[in-house]
Amino acid sequence: MSTYNFDYLDELEAEAIHILREVAGQFEKPALLFSGGKDSITLVRLAEKAFRPGKFPFPLVHIDTGHNFEETITYRDQMVERIGEKLIIGSVQESIDQAKVVEQTGKNASRNALQTVTLLDTIAKYQFDACIGGARRDEEKARAKERIFSVRDEFGQWDPKRQRPELWNIYNGKIHKGENIRVFPISNWTELDVWNYIRREKIDLPSIYFSHERDCITRNGQLMAASPFLNMDDEDVVERKQVRFRTVGDMSCTAAVESDAFLIDDIISEISASKISERGARLDDKVSEAAMEDRKKGGYF
Amino acid sequence: MNILKFFTAGSVDDGKSTLIGRLLYDTDSILADQLEALQRSNRKNDDGTIDLAILTDGLRAEREQGITIDVAYKYFQTEKRKFIIADTPGHIQYTRNMVTGASTANLAIILIDARNGVVEQTIRHSYIVSLLGIKHVVVCINKMDMVDYSETVYSSIIGKYKILAQQLKLADVTYIPVSALKGDNVVQASETMQWYEGESLLHFLEKVDTDHLDRSQLARMPVQWVVRPQTEELHDYRGYAGRILSGTFNVNDKVTVLPSGASSVVEKIEFFDETLDAAHAGQSVIIHLKDDVDISRGDTIVNASALPQETKLIEADLCWMDTRALDTSIMYNIQHNSKVTKCKISEILHKVDINTLEKHAAEVFKLNDIGRVIVKTADALAFDLYDDNRANGSAILVDTRTNLTVGALMFRAAVE
């Protein structure tokens, strides 16, 4: 046994860097899908470790629902400024304006599902052949089945029954024209691993991950941030709550948790003790047992 | 804390998914909302308790059919270790998925139904474990509750398995009697099987040695990417980025670059903002060489005093993974680390009946067939034998018509 110190975070990190460099080596026009959430922020740090002092061999791509937490956008712009890499924005609002998608109506309306169309349009427009994403297998049971290099057909669809075997650390990135590959370098990380890594690397995060006061309403047993993007009616009671967010998505589908975790150490203790999974705070996953599988088949992240 | 990656072999009937469900459940790794989703589901055990097997079946088709089709990865941790489970299907028609799950594992759990003992699929699963060179094997004799927790039954099964293990040269085998359904010896020690003096499965998994990253001492690094900032202040910067497959590179080590054969010396090793004296197996780093040699993706930097094999003819074990049969008349791409070249399967030496381990002559390889072949490559590969160096002794075949991964290769010998 070697004597050097190589713990689980080092191993996960080295694996992710290897995957990112495979993307650089195998594809003509890759992109890194950046949501402003902690997982994609982690990817950016991993990309720095893979390619510095060189430039990233890909731009960052943000699929912007227009229903963002303001803090995320501020963070995104400052980060892009700091790292000096290119940012491409795909706008859901534009897809709506061009009548490519129709805004949902009703009380639980969300732009989350509309993102898929904008994502696929953005991929087509820039002819991306690989899109790096921050999805993890521990998040959800359909994701637990997905390869690290995951092929999407011309229509953006994932076919879970026809996945390529993925052996050892060899990734087959060969595709036909029009297809693309989604690449998930942190597939093997858990939510806790990501937080421990963020702590170790002293990575800054958008402030909404930490405890703050916010106007909220309770919907379907979940705390939602009161915002102009939420269709509210007289039944909705706005309450001031001490909350934070465990994931960062569209404001209309990302629920808050009540929390006093002001520091990253508090968050790690909170998650370690938590009995609710991260995606438990995502209304988009609650639709049915196969909600994620179905969305992935349709081209979702 | 480190990571243990293991895979489980067994069929639904052996209680494989139940065993994994039990490991997750008893280590408190299942969260409330996931449990709630389970309780909402209408699949229950006969006694009304939650069917833990549903935890691992991720796809709609799997839930509908009550079987595992594809590999699912599950994660849990204890205070001692992090675990990654590759939950693989046991049925013969999904052999390729088992090979996939086994390829990254350091330990295999083989499940035997205590009522049936060593059966055909036990042989098949154990063969795959030996083929993929997995060092540690845990044989769980499951459903002990169905045989009255009988020590005699248990002893008779392990007696039979030991013969198989010897035949397959499985060196490190541990036997544990369990009941995944009732929880005996999975996480908690069994109260009913007082005659068993060993550890529970989890305790064993927490302790087993994971000397897996550095089995070979031979320093190897395939170049994935050349870092060239081409800025004013870093005008001459040229770093070779890759992951160390095996061994250690120290600054000032003499190295050889393959396939060119160029010699140089390690000048500097970088990891992001750190400069290292040495880089070890598993690490992803950037290496600088003293001399200006021509290196690009697909080349391998190796220790000059321990060169790998370099040939265009390699004897290898092949597992065929495509519904379209192997065609010995056409060219495939072979991908060995970051190197891709053309190849042909120039000869089929034999095929193995993986249920009986008998070898026989064959003309063709179909889906899930395993056997020995000769691979002829367009460019020479710089490789080690699989048993010496898993990472540098394996490759995949890609069908250039479909771009599918159609074969897994384990290098057994260079053909002179």
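Modeller: In chain A, 4 strands close into a barrel in the order S7-S8-S10-S9, with antiparallel pairing. Neighbouring strands of this sheet are turned by 70 degrees against each other on average, direction ignored; axes are lines fitted to C-alpha atoms. This is a predicted model, in which local features need pLDDT of at least 70, side-chain atom pairs count only at pLDDT 80 or more, and totals for chains, interfaces and linings use all residues. Residues are numbered from 1 along each chain as its sequence is written, while chains are lettered from A and ligands numbered from 1 in the order in which they are written.

Helices (H or I, at least four residues) and strands (E, at least two) are DSSP runs, numbered from the N terminus, and two strands pair if DSSP finds at least two bridges between them. Between S7 (residues 212–219) and S8 (residues 222–225) of chain A there are 4 bridges, in the antiparallel sense. Thr218(A) of this pairing stands opposite Leu223(A) in S8(A).

Now the helices. H2 of chain A (residues 38–51) reaches 20 Å from its first C-alpha to its last, close to the 20 Å expected at 1.5 Å a residue; the expected span is 1.5 Å times one less than the number of residues. Of the 14 residues in H2(A), 12 are buried (20 or more other C-beta atoms, placed from the backbone, within 10 Å of a residue's own). Among them are Ile41(A), Leu46(A) and Phe51(A).

In chain B, helix H1 (residues 16–26) has 9 of its 11 residues buried, including Lys16(B) and Leu24(B). Just after H1(B), Asp28(B) takes a positive phi of about 65 degrees.

Conventions: Axes fitted to C-alpha atoms, helices over the stretch in contact; angles between N-to-C directions.
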